[in-house]
Amino acid sequence: MGLDQYAFAVKGDEKVEIAYWRKHADLEGYMSELWRSRGNNGEFNCEELELDTEDLMDLRDSHRNLETANGFFWGESYPEDIEYTEKFIKRALEEISKGCKIIYYSWW
């Protein structure tokens, strides 16, 4: 058991996985706060969060200094998560330019 995190590019009926993290707790905390900032409440588990260009640019500017986050079965973040997240942001922005929606989804 543990935190599994995914990002998908969605266009019409097509849904393609573009990123997968295993226990990047700090990113989960960031996404959870973003989800709540949109008026959601309760537990951010098995919820979809659409990310737009502004969200991705904000993440690009802050992902090296995310607050330490903790949660049940979340594990912890590692330095290699930073590089992988940079690759995700770049790919997600490319997919948006092609008309796709970007969806973040996690479960633990």
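At 1% relative accessibility, Thr85 counts as buried, where buried means under 20% relative accessible area, exposed over 50% and partly exposed in between, with a 1.4 Å probe and protein chains only. Thr85 is found in helix H3; helices (H or I, at least four residues) and strands (E, at least two) are DSSP runs numbered from the N terminus. The model is predicted: local features need pLDDT of at least 70, and side-chain atom pairs count only at pLDDT 80 or more, whereas totals for chains, interfaces and linings use all residues. Residues are numbered from 1 along each chain as its sequence is written, and side-chain values use heavy atoms, with hydrogens and water left out.

Not counting residues up to four places away in sequence, Thr85 touches Trp21, His24, Leu59 and His63, contact meaning heavy atoms within 4.5 Å. The side chains of Thr85 and Trp21 are joined by a polar contact of 3.2 Å. A polar contact is a pair of N or O atoms within 3.5 Å; within protein, one must be able to donate a hydrogen and the other to accept it, and residues adjacent in sequence count only if both atoms are side-chain atoms.

## The loop between H2 and H3

His63 lies in the loop between H2 and H3 and, at 7% relative accessibility, counts as buried. With neighbours within four places in sequence left aside, His63 is in contact with Ile82, Thr85, Glu86 and Ile89. Two polar interactions involve the His63 side chain: one reaches the backbone oxygen of Ile82 at 3.5 Å, and the other joins the side chain of Glu86 at 3.3 Å. The C-alpha atoms of His63 and Glu14 are separated by 28 Å, the two residues being 49 residues apart along the chain.

Ser77 is found in this loop between H2 and H3 as well. Its side chain makes a polar contact of 2.6 Å with the side chain of His24 and reaches the backbone nitrogen of Asp26 at 2.9 Å. Leaving aside neighbours within four places in sequence, the contacts of Ser77 are Lys23, His24, Ala25, Asp26 and Leu27.

## The sheet and the helix across it

Four strands form an open antiparallel sheet in the order E2-E1-E4-E3; two strands pair if DSSP finds at least two bridges between them. Strand E2 (14-22) and strand E3 (48-51) stand at the edges with a single partner strand each, so one side of each has no neighbour in the sheet. From one strand to the next, the twist averages 25°. Axes are lines fitted to C-alpha atoms, for helices over the stretch in contact, and angles run from 0 to 180 degrees between N-to-C directions.

Strand E1 (residues 4-11) is joined to E2 by eight bridges, and Ala7 has Ala19 of E2 as its bridge partner. Four bridges join E3 to E4 in antiparallel fashion, with Glu48 partnered by Tyr105 of E4. Helix H3 (residues 79-97) lies across E1, E2, E3 and strand E4 (101-107), at about 165° to E2.

## Nonpolar cores

The largest nonpolar core has 21 residues, among which Met31, Leu49, Leu51, Phe88 and Tyr104 touch the most other members. Such a core is a set of buried Ala, Val, Leu, Ile, Met, Phe, Trp, Tyr and Cys residues joined through side-chain atoms within 4.5 Å. At least two residues of this core come from each of E1, E2, helix H1 (25-37), E3, helix H2 (53-62), H3 and E4. H1 supplies the largest share, four residues.

Met31, with neighbours within four places in sequence left aside, is in contact with Phe44, Leu49, Leu51, Leu59 and Tyr104. A second, separate core of five residues includes Ala25, Ala69, Trp74 and Trp108.

Asp55, Leu56 and Leu59 are buried in H2. These residues cover an arc of only 95° around the axis, which puts them on the same side of H2; the arc is that of the directions from the helix axis to the C-beta atoms. Glu54 and Asp61, on the other side of H2, are exposed. The cover over the buried residues of H2 includes H1, E3 and H3. At the start of H2, a side-chain oxygen of Asp52 comes to within 3.1 Å of the backbone nitrogen of Glu54.
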